[in-house]
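Colleague: I would like a close look at one part of this model, the place where two copies of a chain meet. Please walk me through it with the cut-offs spelled out.

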There are 4 protein chains.
Amino acid sequence: MKKLILLMHCPDKKGIIAAVTNFIHQHNGNIVYIDQYVDRIQSAFFMWIEVEGDFNQSDFEKFKATFYDDIGRHFEMSCSFYLSNILPKMAVFVSKYDHCLYDILAQQRSGKLACSIPFIVSNHRDLEPIAKQFSIPFYHIPVAKESKKDAESKHLALLKKHNVNCIVLARYMQIIPSNIIDVFPSKIINIHHSFLPAFPGAKPYHSAFQRGVKIIGATSHYVTEELDAGPIIEQDTIRVSHEHEVKDFILKGQDLERIVLLRALKLHCERKIMTYNNKTIVFN
Amino acid sequence: MKKLILLMHCPDKKGIIAAVTNFIHQHNGNIVYIDQYVDRIQSAFFMWIEVEGDFNQSDFEKFKATFYDDIGRHFEMSCSFYLSNILPKMAVFVSKYDHCLYDILAQQRSGKLACSIPFIVSNHRDLEPIAKQFSIPFYHIPVAKESKKDAESKHLALLKKHNVNCIVLARYMQIIPSNIIDVFPSKIINIHHSFLPAFPGAKPYHSAFQRGVKIIGATSHYVTEELDAGPIIEQDTIRVSHEHEVKDFILKGQDLERIVLLRALKLHCERKIMTYNNKTIVFN
Amino acid sequence: MKKLILLMHCPDKKGIIAAVTNFIHQHNGNIVYIDQYVDRIQSAFFMWIEVEGDFNQSDFEKFKATFYDDIGRHFEMSCSFYLSNILPKMAVFVSKYDHCLYDILAQQRSGKLACSIPFIVSNHRDLEPIAKQFSIPFYHIPVAKESKKDAESKHLALLKKHNVNCIVLARYMQIIPSNIIDVFPSKIINIHHSFLPAFPGAKPYHSAFQRGVKIIGATSHYVTEELDAGPIIEQDTIRVSHEHEVKDFILKGQDLERIVLLRALKLHCERKIMTYNNKTIVFN
Amino acid sequence: MKKLILLMHCPDKKGIIAAVTNFIHQHNGNIVYIDQYVDRIQSAFFMWIEVEGDFNQSDFEKFKATFYDDIGRHFEMSCSFYLSNILPKMAVFVSKYDHCLYDILAQQRSGKLACSIPFIVSNHRDLEPIAKQFSIPFYHIPVAKESKKDAESKHLALLKKHNVNCIVLARYMQIIPSNIIDVFPSKIINIHHSFLPAFPGAKPYHSAFQRGVKIIGATSHYVTEELDAGPIIEQDTIRVSHEHEVKDFILKGQDLERIVLLRALKLHCERKIMTYNNKTIVFN
């Protein structure tokens with residue numbers, strides 16, 4: 001049985017849930033999960049619905065069109081529809097750290113991360129052997145000061161060629177240019193190695209050590225123009241003490257980074273996330 | 001059997017531990033706990049020692065003096081000695097929130113917070129009934145713009161009169177003037193309702209909500225001249241989601257605040273904390 | 001604006017959500033929150049709905065009756081309706097430990113625990129002064145081997161006289177007899193000082209120490225005939241190490257106990273919990 | 001500069017620390033870390049010392065012998081000495097689950113798990129491709145009812161041939177026979193997918209779901225004769241809710257399993273663990 005996933009938001013009004021659930025009921029869909037959220041300050045309504053039904057691609061297109069005509073327009077809805085059996089294509093950007101890459105590849109390979117990975121791209125050659133281990137194409141695109149524009153074009157060409165849907169920055173130590181961000185709004189996922197908004201930018205473990213915090217963190221967020229300031233998807237923390245040096249922060253933090261990033265990627269690939277006003281609504 | 005607690009730090013050298021443990025052994029003390037820490041970057045040595053022995057006050061004074069002559073001067077030690085049966089006197093500063101105050105009084109009353117509480121002082125009258133419930137003197141000292149100097153004098157007079165050793169700011173919503181901070185270095189403990197250094201200053205729960213974080217925190221720290229920037233004693237965090245409004249952040253946060261503050265107070269009262277370079281070394 | 005809370009469960013069928021949301025829409029209720037859960041193994045449907053509307057007591061009664069006639073019977077629903085402005089009356093049973101009692105009274109007094117507390121009952125006199133501090137009637141009912149039946153009668157009389165809706169066992173060290181459990185099904189809340197199902201029964205901290213666990217826990221659950229085996233409402237854990245003795249387990253654990261118990265009480269008093277097949281469904 | 005690690009325990013007496021630190025000082029060792037623990041109930045003393053010095057293999061042997069003659073015998077010490085540059089050889093036993101195996105191999109490969117891995121052995125062929133990915137010898141040794149004795153002999157032969165120091169059961173779904181346990185006391189590390197002592201034995205996630213717990217856990221422990229009852233090295237927990245089915249427990253739990261197992265392996269490989277009375281003392 002195929003599953004259809006519907007994410008929607010609209011201005012909050014009476015009767016939205018009833019209208020949507022009636023529509024689905026009348027079109028022989030069986031709602032297997034519904035979750036909703038109302039942002040009272042913004043007076044905005046958000047809903048996540050999972051529907052079981054006998055949808056082929058043409059049913060799916062018809063369902064979408066009818067839904068919009070019958071309900072969507074009236075309630076001024078912004079909707080996204082997905083078929084759960086069509087996996088997102090996710091490009092992986094890395095630099096030299098391997099811990100997140102290993103986790104992404106291992107979990108994707110064993111079916112726990114529901115996406116396909118058309119290629120890995122890096123500004124260094126260090127992780128090419130890991131790409132080879134997992135038989136995934138690896139592109140080495142150096143990003144020096146003078147080659148930035150060139151790298152950007154190569155990145156965009158690769159992303160287009162492979163019909164990529166989303167990008168993960170798996171400890172990719174370069175700024176993503178706005179030309180790429182604009183093509184992938186709320187579709188580029190970064191892992192930052194601090195508990196944002198504490199310690200944005202470079203060397204957060206060093207800053208955390210310097211400040212003498214008792215807990216460190218990691219944050220996965222969507223990339224926006226402003227550095228480390230996009231919508232937060234997932235965070236987690238772990239205790240440290242005065243006995244830990246910067247190198248201990250880094251080791252403990254790397255375990256957090258990969259766990260937090262993988263949780264965010266799974267949520268994204270399972271279409272559980274909406275963004276709104278620079279925040280995420282996570283239907284989990 | 002009385003216990004003596006020794007906290008010390010000095011430049012790191014060979015032979016410190018052996019020298020100290022030998023000294024104690026030779027003076028009929030039985031070391032029941034020893035913990036040490038070396039800050040390699042600063043090349044500084046820190047040690048916490050608990051000694052069982054038959055110390056009366058004069059033995060104690062003699063022990064201190066001999067220790068300094070025999071070892072302390074040679075190693076350039078900075079030492080603090082305590083007898084575990086002499087409790088610190090802690091003044092409690094509050095404004096209008098009662099959750100930390102209730103915890104402090106309940107835990108002190110049931111013997112889990114090893115201090116005496118000579119008085120509670122507040123810039124409001126709201127919590128006076130709680131002071132009465134626990135039969136603790138309550139002083140109402142308003143702090144308006146024009147009365148700040150006056151309040152400071154009254155505070156200092158009270159602190160002196162009661163021989164206060166340390167101060168807890170249990171959600172006291174006023175800045176402590178430097179004249180008071182100078183008299184109580186590393187002896188004024190604040191609870192800040194965020195995961196510092198994220199969201200210092202006023203209204204951190206509102207800022208956390210605005211940023212869309214997935215985890216909120218609380219931080220207990222020693223008060224220094226710079227606001228919310230003193231040595232961190234203890235922190236903890238709790239998960240939130242897009243479904244939580246600011247009022248939910250506040251409610252969840254208050255549980256963190258009181259737990260984190262009480263942990264910090266217990267560590268302080270049990271003389272488990274040293275401060276150094278705006279950080280804490282916590283022997284726990 | 002008053003709020004009506006509806007909790008319901010029934011066999012899972014198509015169209016339940018649409019039927020319920022339509023009904024409420026047609027009766028001028030505004031659904032401000034809906035949450036639902038389907039147990040696929042049992043094929044059971046559960047829903048929590050919060051409705052804003054202009055309900056007085058007679059509207060409320062009429063709403064309930066019409067709901068059942070129009071929908072409830074058809075779907076074989078089991079329903080509970082509450083008006084959010086009518087607080088539950090909760091009796092507090094204690095023995096000698098004060099940490100949970102202090103938290104319950106402080107949080108209820110400051111409005112964070114939405115219930116009234118008609119009385120405290122204990123098999124010891126130790127906590128009577130705390131009841132006095134908070135001006136709550138205290139009944140001392142000893143429970144010796146030979147007086148058990150007598151105590152039971154006194155308890156039942158008190159509970160009846162005060163129209164009690166629910167009971168909290170705030171470290172009450174006695175078994176509750178089935179005659180009382182039968183009158184309060186899913187309405188007696190206990191805090192057990194272990195991570196159930198590990199270490200049920202007496203002295204769990206001693207057993208946890210003996211086993212050498214690295215984490216201890218606390219569990220709040222509804223009381224059923226089988227000791228420490230009722231539906232679990234809330235649990236939490238905290239790290240320990242080989243350095244902690246039983247007394248440290250107890251101290252750390254007490255912080256968990258009061259936090260976990262208070263969370264469970266708040267969920268219960270805000271009518272967020274349903275029980276089914278010896279488990280809880282918590283709409284949070 | 002090489003490092004020597006000394007782990008020791010003995011009956012608790014006055015003067016142990018001073019004797020040991022003096023000895024090391026006199027033999028030109030520089031103590032860079034010392035940690036100790038006294039079990040008061042058993043009156044047992046435990047110490048972990050890290051010493052920097054210019055040790056070659058013969059210095060090392062001489063140091064050990066002299067230490068025992070000068071101090072060890074007198075205090076009835078049980079000691080283990082290690083040179084930090086000599087890595088343990090760890091055999092990996094698996095069945096069909098890949099999540100722990102991937103983590104072990106990735107972390108060992110990138111230098112975060114300080115051991116060598118001479119081979120992987122499994123009762124199934126499923127994970128052979130992963131062994132190949134990492135170029136590690138893979139042995140398929142089926143364990144059927146009638147072939148158990150045969151498998152045991154093959155295991156023992158492999159372990160002997162490769163001079164294995166320790167074994168990790170990375171979700172190896174077979175009981176280890178006592179003939180192997182006897183050869184590797186406190187040297188076989190298992191990961192159990194529950195918060196022990198809750199849910200020992202088979203299918204703990206199913207049992208946890210059945211019981212309706214709100215938190216699940218994972219436990220890494222040394223293997224002893226009694227199933228899932230050996231000394232616990234490390235545990236961790238994660239929240240679940242009524243919304244999670246058994247398959248969600250399994251997915252969430254697998255993240256715990258690999259994190260907890262890796263922490264335990266790192267502690268073991270860095271010689272941070274002593275066992276005593278079926279508990280671990282972890283110097284961390």
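Modeller: Happy to; below I go through one interface, then its symmetry, then the sheets behind it.

A few ground rules: this is a predicted model, in which local features need pLDDT of at least 70 and side-chain atom pairs count only at pLDDT 80 or more, while totals for chains, interfaces and linings use all residues. Residues are numbered from 1 along each chain as its sequence is written, chains are lettered from A and ligands numbered from 1 in the order in which they are written, and side-chain values use heavy atoms, with hydrogens and water left out.

Let's take chain D and chain C. Their contact (heavy atoms within 4.5 Å) draws 35 residues from chain D and 35 residues from chain C. Together the two chains bury about 3,000 Å², with 54% of it on carbon and sulfur atoms; buried area here is the accessible area, for a 1.4 Å probe, that two parts lose on being put together, summed over both. On the chain D side, D:Arg211, D:Lys214 and D:His242 lose the most area to chain C, together 24% of what that side buries.

Six salt bridges are counted between chain D and chain C, each a side-chain nitrogen of Lys or Arg within 4 Å of a carboxyl oxygen of Asp or Glu. One of them links D:Arg239 to C:Asp236, with the closest N and O atoms 3.9 Å apart.

Which elements carry the chain D side? Strand S2 (30–39), helix H7 (204–211), strand S11 (232–239) and strand S13 (279–282) of chain D each supply at least two residues that touch chain C. S11(D) gives the most, with seven residues. Helices (H or I, at least four residues) and strands (E, at least two) are DSSP runs numbered from the N terminus.

Chain A goes onto chain B with a turn of 180°, a shift of 0.0 Å along the axis and an RMSD of 0.0 Å. This is the relation of a two-fold axis. In chain A, A:Ala198 has the C-alpha nearest the axis, at 2.3 Å.

Finally, the sheets, seen in chain B. Seven strands form an open, mixed sheet in the order S7-S6-S5-S8-S9-S10-S11, where pairing takes at least two DSSP bridges. Strands S7 (138–140) and S11 (232–239) of chain B are its edges, each pairing on one side only. A second open sheet of chain B, antiparallel, has four strands in the order S2-S3-S1-S4. S2 (30–39) and S4 (78–83) of chain B each have a single partner strand, so one side of each is left without a neighbour in the sheet.

Key. Copies are superposed by least squares on the C-alpha atoms of residues with pLDDT of at least 70 in both.
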